[in-house]
Amino acid sequence: MQKLLCLILAWITYTAGAQTPAVAVADSLYQIGDYSRAIQLLNSLPPKNPTLLSRLARAYQSQGNDVQAMEHYRRAIALDSSLIVSRDALGKLLISNAQFQEAATLYESLLDAYPKNAQFHYQRARAYQYLATRDTVQPLIYDQWAIDAFSKAVALDSSHFKAMYELGKIELKARNYPMVEQLGKKVLAQAPDHIEMLGLMGQNYSARQFYRDAIPYYERLLDLGQRSQFLHEKLGMAYYQTRFYELAVEQYLAALAYAPQDDQLHLILAKLYGHLSNLERAEYHAKQALFYKDLPLDEEYFTLGNTYKLQKKFGSAIAQFQKALEENPDHEKAFYALAVSADNYYKDRKAVIALYENYLEKYGDRNPYLKQLTEERVTMLREEVFMAADKQ
């Protein structure tokens with residue numbers, strides 16, 4: 001019996017001594033990115049203690065094998081719940097693998113022990129956010145829990161930019177624009193080139209139609225090398241609304257490179273080129289918008305008709321305005337533009353008067369200025385008809 005005990009002690013001493021340099025080698029392999037050989041070496045070492053299991057989990061995670069990583073983190077934590085770093089790593093993996101309920105439970109338990117850890121509040125909030133999109137029974141409850149957890153993270157760490165950005169997104173969706181501005185300025189005061197918050201501030205001002213205020217944020221994103229259809233469209237619209245038409249064209253053309261068949265981009269470009277009196281390009285993009293549109297086409301027909309009207313191609317304009325009204329009989333601008341084009345094209349003055357009177361009957365009370373102009377023009381046309389009758 002004594003001899004057997006000595007043999008056991010000797011084996012333990014031997015394996016413990018052998019494991020230490022082997023683990024060091026595995027760590028070195030991990031550091032240089034040779035994850036497969038690190039895993040192979042760690043798997044060859046008995047016994048599997050919590051520290052060794054955590055090392056294996058980390059290597060599997062770096063290799064991209066999330067399933068094995070989560071399994072080994074769970075085994076390590078089951079043996080030693082004090083492995084806080086491993087528990088946090090598992091929580092993040094659970095979120096990235098859509099196991100939100102387990103992640104929320106894990107971070108709740110971590111917060112029982114570490115209630116002032118801002119990062120744990122942030123991760124719990126992320127889990128709640130995703131649960132809100134999955135739960136059909138109480139999504140609003142999870143939404144509120146997420147807001148509370150993000151807010152707690154910010155309260156504990158005023159430089160937790162990720163939590164502040166997530167809160168900003170929630171507040172923007174809720175149209176709480178002053179709060180978004182407050183959060184954005186706080187982040188950008190500490191990190192002026194924070195990509196996400198620059199974008200959020202631009203969107204916040206765009207949503208309020210403060211386009212001049214939005215422009216510098218979008219422009220800064222471009223300076224920082226950011227490119228996307230969304231960014232080009234947002235900046236393009238800001239330029240459009242502040243009448244920087246040439247700059248707007250540049251941005252919408254850049255957006256069009258991402259989606260060449262986007263009818264709305266073509267439609268806006270047609271309008272912009274119209275403002276710039278580049279009627280050839282306006283006509284081209286209006287026709288492209290019509291070609292790619294698969295929904296009601298009234299606005300596209302109107303834009304093309306307006307382009308023809310500006311070119312003084314009144315016959316073509318009339319045809320497009322009539323198509324617009326077929327698509328949408330309540331298109332006020334098309335009604336008026338049809339009458340004006342007919343006034344410049346039809347020899348039959350009575351037909352023109354009828355078109356103007358149709359407009360007045362349907363829309364006369366909406367725009368006092370146009371009503372006055374139209375009534376004055378109708379009076380002049382009636383005098384023309386009367387004078388022509390006298391000559392006969």
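Helices (H or I, at least four residues) and strands (E, at least two) are DSSP runs, numbered from the N terminus. Asn306 has its place in helix 17. The model is predicted, so that local features need pLDDT of at least 70 and side-chain atom pairs count only at pLDDT 80 or more, while totals for chains, interfaces and linings use all residues. Residues are numbered from 1 along each chain as its sequence is written, and side-chain values use heavy atoms, with hydrogens and water left out.

Burial was assigned from relative accessible area: buried is under 20%, exposed is over 50%, and partly exposed lies in between (1.4 Å probe, protein chains only). Asn306 counts as partly exposed because its relative accessibility is 25%. Its C-alpha atom is separated by 9.7 Å from that of Ala282, 24 residues apart along the chain.

Helix 17 has 13 residues. From first C-alpha to last it reaches 18 Å, close to the 18 Å expected at 1.5 Å a residue. The expected span is 1.5 Å times one less than the number of residues. The buried residues of helix 17 are Asp298, Glu300, Tyr301, Phe302, Thr303, Leu304, Gly305, Thr307 and Tyr308. Their cover includes helix 15 (263-275), helix 16, helix 18 (314-327) and helix 19 (332-345). Lys312 follows helix 17 and has a positive phi, near 65°.

Helix 16 (residues 279-292) packs with helix 17 (residues 298-310) at an angle of about 160°, and the axes are 9 Å apart. Helix 16 is therefore roughly antiparallel to helix 17. Axes are lines fitted to C-alpha atoms, for helices over the stretch in contact, and angles run from 0 to 180 degrees between N-to-C directions. Angles under 35 degrees count as roughly parallel, over 145 as roughly antiparallel, 65 to 115 as roughly perpendicular and the rest as oblique. The crossing of helix 16 and helix 17 is left-handed; that is, the near helix is turned anticlockwise from the far one by less than a right angle, whereas clockwise would be right-handed. Helix 16 contributes Leu279, Ala282, Glu283, Ala286, Lys287, Ala289 and Leu290 to the contact, and helix 17 contributes Glu300, Tyr301, Thr303, Leu304, Thr307, Tyr308 and Leu310. Contact means heavy atoms within 4.5 Å. By class, this contact has 9 nonpolar, 2 polar and 3 charged residues. Ala, Val, Leu, Ile, Met, Phe, Trp, Tyr, Cys and Pro count as nonpolar, Asp, Glu, Lys and Arg as charged, and the others, Gly among them, as polar.

The axes of helix 2 (residues 35-43) and helix 3 (residues 50-63) come within 9 Å and cross at roughly 155°. Helix 2 is thus roughly antiparallel to helix 3. This crossing is left-handed. Tyr35, Ser36, Ile39, Leu42 and Asn43 of helix 2 meet Leu52, Arg55, Leu56, Ala59, Tyr60, Ser62 and Gln63 of helix 3. The contact residues divide into 7 nonpolar, 4 polar and 1 charged.

Glu181 is found in helix 10 (residues 177-190). It is buried because its relative accessible area is 17%. Neighbours within four places in sequence aside, Glu181 is in contact with Met201, Asn204, Tyr205 and Arg208.

Most residues other than glycine have a negative phi. Arg175 is not a glycine, yet its phi is positive, about 65°. Arg175 lies in the loop between helix 9 (161-173) and helix 10. It is exposed, with a relative accessible area of 66%. Arg243 also has a positive phi, near 70°.
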